[in-house]
Amino acid sequence: MAFSTLSLLSSCSAYRLNPLLFTRHRFRIKLSHSHLKPRYFAVAARENGVFVSPENAKSFDFTAEERIYNWWDSQGYFKPNLERGSDPFVISMPPPNVTGSLHMGHAMFVTLEDIMVRYHRMKGRPTLWLPGTDHAGIATQLVVERMLASEGIKRAELSRDEFTKRVWEWKEKYGGTITNQIKRLGASCDWAREHFTLDEQLSRAVIEAFVKLHERGLIYQGSYMVNWSPSLQTAVSDLEVEYSEEPGTLYYIKYRVAGGSKSDYLTIATTRPETLFGDTAIAVHPQDDRYSKYIGKMAIVPMTFGRHVPIISDRYVDKDFGTGVLKISPGHDHNDYLLARKLGLPILNVMNKDGTLNEVAGLYCGLDRFEARKKLWFDLEETGLAVRKESHTLRVPRSQRGGEIIEPLVSKQWFVTMEPLAEKALEAVERGELTIMPERFEKIYNHWLSNIKDWCISRQLWWGHRIPVWFIVGKDCEEEYIVARNANEALEKAQDKYGKDVEIYQEPDVLDTWFSSALWPFSTLGWPDVSSQDFKRFYPTTMLETGHDILFFWVARMVMMGIEFTGTVPFSYVYLHGLIRDSEGRKMSKTLGNVIDPIDTIKEFGTDALRFTLALGTAGQDLNLSTERLTSNKAFTNKLWNAGKFVLQNLPRESDISAWETIMTFKFDKEEALLRLPLPECWVVSKLHCLIDMVTTSYDKYFFGDVGRETYDFFWGDFADWYIEASKVRLYHSGGHSVAQAVLLYVFENILKMLHPFMPFVTEALWQALPNRKEALIVSSWPQTSLPMHASSIKKFENLQSLTRAIRNARAEFSVEPAKRISASVVAGNEVLQYISKEKEVLALLSRLDLQNIHFTDSPPGDANQSVHLVAGEGLEAYLPLSDMVDVSAEVERLSKRLSKMQEEFDRLAARLSSPKFVEKAPEEVVNGVREKAAEAEEKIILTKNRLVFLKSTALASTS
C-alpha cells in the first residue's frame with residue numbers, strides 16, 4: 001500500500017488560514033456534552049494551583065497567563081539546558097529603550113523570537129534568549145529633564161554627577177516597566193542574564209571597543225555636517241530624524257551682480273532665507289543660457305553690507321527648480337556641504353548651538369532662527385530685494401524625540417571610519433556566512449554598506465557612556481589628547497608624555513547609543529573577556545531578529561563590530577519583520593488615533609490570540625492588524641479549549657489503570673499499526689503525520705505564517721469539524737471506544753506541541769490538564785517526523801467527506817429540520833461501497849441520516865425519479881427521497897407564492913431599465929446597481945422555476 005508524501009495535506013485541506021481570510025461557509029458542530037465521564041485533574045493542575053482544567057472552566061481565563069509565566073520561570077525552564085549537549089540556539093533580544101512602554105512593534109519581535117526559542121527548546125537544543133534594555137541616551141535624558149522641569153529645576157542648575165544620579169534614580173523606579181510588559185507577552189528569556197547597556201560589564205566592553213578602534217586608526221575627531229537638535233543641544237543620528245510633509249514658504253530673493261547695472265541680478269528661491277548669511281557661492285547650471293554671462297563674476301549677498309561670493313557653474317544645479325539659481329550655504333545644508341567640499345569652497349556657520357544666529361549674521365545676531373527669518377524677509381521687502389513668496393510643501397526634518405526641527409550644522413564630533421569595516425561585512429554575506437531573510441533585503445544591505453559614510457559617534461549629552469578621551473589643559477584639543485580605559489590610565493599616559501605636573505580633563509560628550517548597541521551580541525556574553533564561559537558556549541549567536549527599518553542602523557553595525565572585535569560574524573541569520581499597521585494599512589500614530597495598545601489587547605483577547613495574529617504575517621512584509629482578526633483568533637483559543645474539554649471528558653479516569661493500559665497499547669509510529677486503524681482514525685493520524693513534517697520544515701525555514709495557517713486549518717478543518725464528530729460513533733454507539741480515545745489523545749497532544757510556540761499559555765494549560773503528564777509542555781519533545789501516512793485512507797475519507805457535504809448541502813437547500821433523520825441510497829462501485837458502508841454509522845451521524853434506511857447499491861434505486869440526485873465525486877453518488885425531506889405539495893405552494901413575488905420584483909426592475917429617462921439621467925453607479933439586482937432576480941426566478949418543475953414531476957410520479 002502506498003504511503004503519502006508531504007503534498008497530501010495541502011491537497012486535502014478544506015480551508016485555509018482563519019475565518020477572516022475566507023468567505024466559504026463552515027459547517028459547525030457543537031461539541032456534545034452528553035455521555036460525559038468525570039475525571040480527576042492531572043497532577044500538575046491539581047497540586048500547584050497554577051492551572052485550571054477545561055472541565056472546570058467554560059473558557060480559558062486570561063488572568064491565568066501571569067501565573068503560568070511565573071511558574072515556568074520558577075522552574076528554570078527559560079535557562080539553557082546544557083546537559084542536552086547539542087548545538088545551542090542563541091538569540092539576543094533587541095534591547096528596547098528603558099524609557100519605553102510596550103507597543104505593537106515590541107509585541108511583534110517578542111512573538112517571533114519567542115516562537116523561535118520555544119521551537120528550538122522543544123527540538124532539544126540548549127536555548128538561550130538573552131534579554132536586556134538600552135539606556136536610550138537622548139530619550140532618557142529628555143524624560144528626566146521634563147521631570148526636573150516639573151519640579152522647577154533646569155539641568156544647567158545641576159552638576160553632571162547630580163543630574164546622572166537623578167537619571168539612575170528614575171531608571172531604578174520606572175526602568176522595569178518595559179521588561180514587565182515583555183513578560184506579559186510570554187517571552188521565555190533567561191532573565192538571570194538580563195543586561196542594561198550602562199551596566200558594568202557592557203560599559204567595560206564599550207570602553208574597550210573605543211580604545212581598540214582608536215588604536216587601529218579607525219576613530220578620529222573633526223568638524224563635519226551633522227543633524228543638530230537645538231533644544232537637546234546634541235547631534236542626533238539619521239535614525240532619530242523623521243521627515244514630514246508640511247506646508248511652508250518658498251522665498252524669492254534678489255542677489256545683485258557686483259559691478260553690473262541695476263538690472264543685473266539673480267533671483268534665488270529658498271525655503272530658509274536666514275541661512276543666506278552663510279552663503280559662500282551662487283551656482284547655476286553650465287548649460288543654462290539665462291545665466292551663462294554671469295558665470296565667473298561675483299554676487300552680493302543681501303543684508304551683509306556688501307559681502308561678495310563667486311557665481312559658479314555646476315551640473316548639480318536643477319535648472320527647473322525655482323529660478324534655476326542655487327545659493328550654496330555649506331554650513332547649513334547637507335548637499336551644499338558636500339558640494340562645497342568637492343569645489344573647495346569655504347564653510348560659514350551662522351548659527352549657535354541653541355538655534356539662534358551668531359555674529360556672522362550681523363544685525364540679526366542673537367535672534368532665534370525662525371524670528372530671524374521673519375525679520376529678514378521684512379527687511380528684504382523694505383530694501384526692494386524681496387521678489388515674492390509662495391506656498392510650498394516642505395520635507396521637514398524633525399527630532400524623533402522632541403519633535404523640533406533639526407538643523408544641519410557643522411560641528412566638531414568624533415567619528416568612526418567605516419569603509420574598512422564595511423568591506424568585511426559585505427564579504428560575510430557574499431561568502432554565505434550571514435543569511436538575511438527575506439533575501440531581497442540583501443540588496444539594501446549591500447547598497448548601504450557600499451555607499452557608507454563615516455559614523456558620527458559623539459553626542460552632547462550627560463547620560464550615556466562618556467567618551468574615554470582626556471584633553472591636556474593648555475593644549476589644542478584637536479591635536480593633543482589621550483585615549484585610555486580610565487582616568488588613572490589617562491593620567492599615567494599624560495605624565496609619561498607631558499611630565500608629572502600635567503593636568504587633564506575628560507571629553508564631556510558621550511557615545512551614540514547605537515555604539516553600545518552595536519556590541520550587544522558579544523558584550524552581553526562577556527566580551528572582552530573571551531575566556532568567559534558564556535562567550536565560549538554561546539558566541540557566535542544563531543539568530544538576530546528585528547524590524548527591517550534598522551537593518552543598517554543596528555544590524556549592519558553589529559556585523560561590522562562583531563567581525564572587527566571577535567573575528568566572527570555575530571550571528572548566522574538575520575530575520576527581518578515588517579511594520580504593524582492598522583486595518584486600513586495606515587501607520588499607527590497618536591495623531592490618527594489608530595494606535596492599538598498591546599496590553600489592552602491582551603486583556604480583551606488574550607496573549608495567545610494576539611501572538612497568533614501577529615505571527616501569521618510574512619517576513620519583511622507589513623501586517624495590517626484589526627479587531628476582526630483578533631476576535632477570530634480569540635475564537636480559535638476558545639475552540640482549542642472546548643476541544644480539550646471534549647477530549648478530557650471522554651478519557652477514562654486516571655485511576656482506571658486497565659483502561660489506560662489499553663489506550664497505551666495503541667502505537668502510531670509503524671505502518672502496520674496505522675493500517676489496523678478504522679478509516680476515520682487512519683485518516684486523521686495520517687493527516688497529522690503529514691502536518692508534523694510540513695510544519696517542522698516550515699519552522700526550520702522560519703516560515704511562521706505557513707506554520708500557523710496549516711496548523712489552524714488541520715485543527716479546525718480536520719480535527720474539530722470532522723474527527724471529533726466521527727469519534728462519537730465509537731465513543732457513544734458502536735464500541736471500540738479505546739481506539740477513539742487513543743487517537744483523540746495522540747492527535748490533540750501533538751496539536752498542542754505544534755501550536756505551543758505560537759500560543760504558549762492556553763496550550764500549556766490544556767497540556768497540564770491531560771492525564772499522565774511527566775513534564776511541562778514548554779520542555780516536552782517536539783513531535784517525531786517522517787512517521788507513516790496512508791495515502792489511500794486519506795483519499796477514502798475525503799470521499800466520505802464529499803458525500804457528507806453533498807448531503808448536508810441538500811438538507812440545507814430544502815430546509816430540512818436539523819433533528820430530522822432522512823433516508824439515503826449510496827451508489828458506487830464495490831470497492832468504494834466496501835469502505836463507505838463500513839463507516840455507515842459515521843456517515844449517518846455526520847449527515848443526520850436514518851441509520852436503518854441507508855442503502856448501499858451499485859445502481860440507482862427504483863424511486864430515483866422521486867429523489868434528489870447528488871454526485872459526491874467520480875464514482876460516488878447518492879439519492880435522497882424527496883418525501884423524506886419536504887412535504888411536496890406544501891413546498892410547491894410555498895415556492896409558487898415566492899415565484900410570484902420574485903416576478904413582480906423583476907418586472908419592476910426591468911421597467912426602470914427600459915425607461916430611457918432613467919438610464920440616461922440617473923448616475924452610472926445607480927443604473928449599474930439596478931442592472932445587477934435585475935440579473936440576480938432573474939437567476940433566482942430560473943432556479944425557482946426549475947425547482948417547481950422538479951417537485952411537480954415528483955408529485956406526478958408518486959401518484960402514477
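Is Met-303 buried, partly exposed or exposed? In this predicted model, Met-303 is partly exposed, at a relative accessible area of 25%. Because buried means under 20% and exposed over 50%, a value in between falls in the partly exposed class.

## Overall architecture

The protein contains 33 helices and 29 strands. Its radius of gyration is 37 Å, whereas the globule rule gives 30 Å for 960 residues; the protein is therefore more spread out than a compact globule. The C-alpha trace extends over about 120 × 85 × 55 Å along the principal axes.

Of the 960 residues, 55% count as buried. Contacts between residues at least 6 apart in sequence join residues at least 24 apart in 77% of cases.

## Surface and charge

The accessible surface amounts to about 42100 Å², and carbon and sulfur atoms account for 49% of this area.

## Nonpolar cores

The largest nonpolar core has 167 residues, of which Leu-640, Phe-715, Phe-719, Val-747 and Phe-748 touch the most other members. Helix α24, residues 704-733, supplies the largest share of this core, with 15 residues. A second, separate core comprises 65 residues, including Ile-207, Phe-471, Phe-565 and Val-574.

The surroundings of Phe-719 give a local view of the largest core. Apart from neighbours within four places in sequence, Phe-719 is in contact with Ala-643, Val-647, Val-684, Phe-714 and Ile-724, as well as with Leu-744, Val-747, Phe-748 and Ile-751. Among these partners, Val-747 and Phe-748 are, like Phe-719 itself, listed with the core residues that touch the most other members.

## Helices α28 and α29

Helix α29 spans residues 840-847, and its buried residues are Val-842, Leu-843, Ala-844, Leu-846 and Ser-847. The elements covering these residues include the helices α23 (679-700), α24, α27 (791-813) and α28 (830-838), together with the strands β26 (822-828) and β27 (849-857). Just after α29, Arg-848 adopts a positive phi of about 55°.

Asn-830 belongs to helix α28. Its relative accessible area is 62%, so Asn-830 is exposed.

Leu-948 is located in helix α33, which covers residues 924-959. With a relative accessible area of 6%, Leu-948 is buried. Beyond its neighbours within four places in sequence, Leu-948 makes contact with Val-892, Leu-895, Ser-896 and Leu-899. The C-alpha atoms of Leu-948 and Gln-903 are 14 Å apart, and the two residues are separated by 45 residues in sequence.

Thr-133 is part of strand β3, residues 132-133. Its relative accessibility of 6% places Thr-133 among the buried residues, because buried means under 20%. Not counting residues up to four places away in sequence, Thr-133 touches Pro-95, Pro-96 and Val-98, then Ile-178 and Thr-179, then His-195, Phe-196 and Thr-197, and also Trp-520.

## Backbone features in loops

The bond from Met-437 to Pro-438 is cis, with omega near -5°; Pro-438 lies in the loop between β15 (435-437) and α12 (441-450). The bond from Trp-527 to Pro-528 is likewise cis, with omega near 15°, and Pro-528 is in the loop that separates α15 (520-523) from α16 (533-538).

Positive phi values in residues other than glycine form a further group. Met-303 has phi near 60° and is situated in the loop between β10 (298-300) and β11 (308-313). Asn-772 is not a glycine but has a positive phi of about 60°. Asn-772 occupies the loop between α26 (760-769) and α27, and at 46% relative accessibility Asn-772 counts as partly exposed.

Terms used. Residues numbered from 1 in each chain as written. Predicted model: local features only at pLDDT ≥ 70, side-chain atom pairs only at ≥ 80, totals over all residues. Heavy atoms only, no water. Helix = DSSP H or I, 4+ residues; strand = E, 2+ residues; numbered from the N terminus. Rg over C-alpha atoms; globule rule 2.2 N^0.38 Å. Buried < 20%, exposed > 50% of the residue type's maximum accessible area, 1.4 Å probe, protein only. Contact = heavy atoms within 4.5 Å. Areas by Shrake-Rupley, 256 points an atom, 1.4 Å probe, with all protein chains shown as cover. Core = buried A, V, L, I, M, F, W, Y, C linked by side-chain atoms within 4.5 Å.
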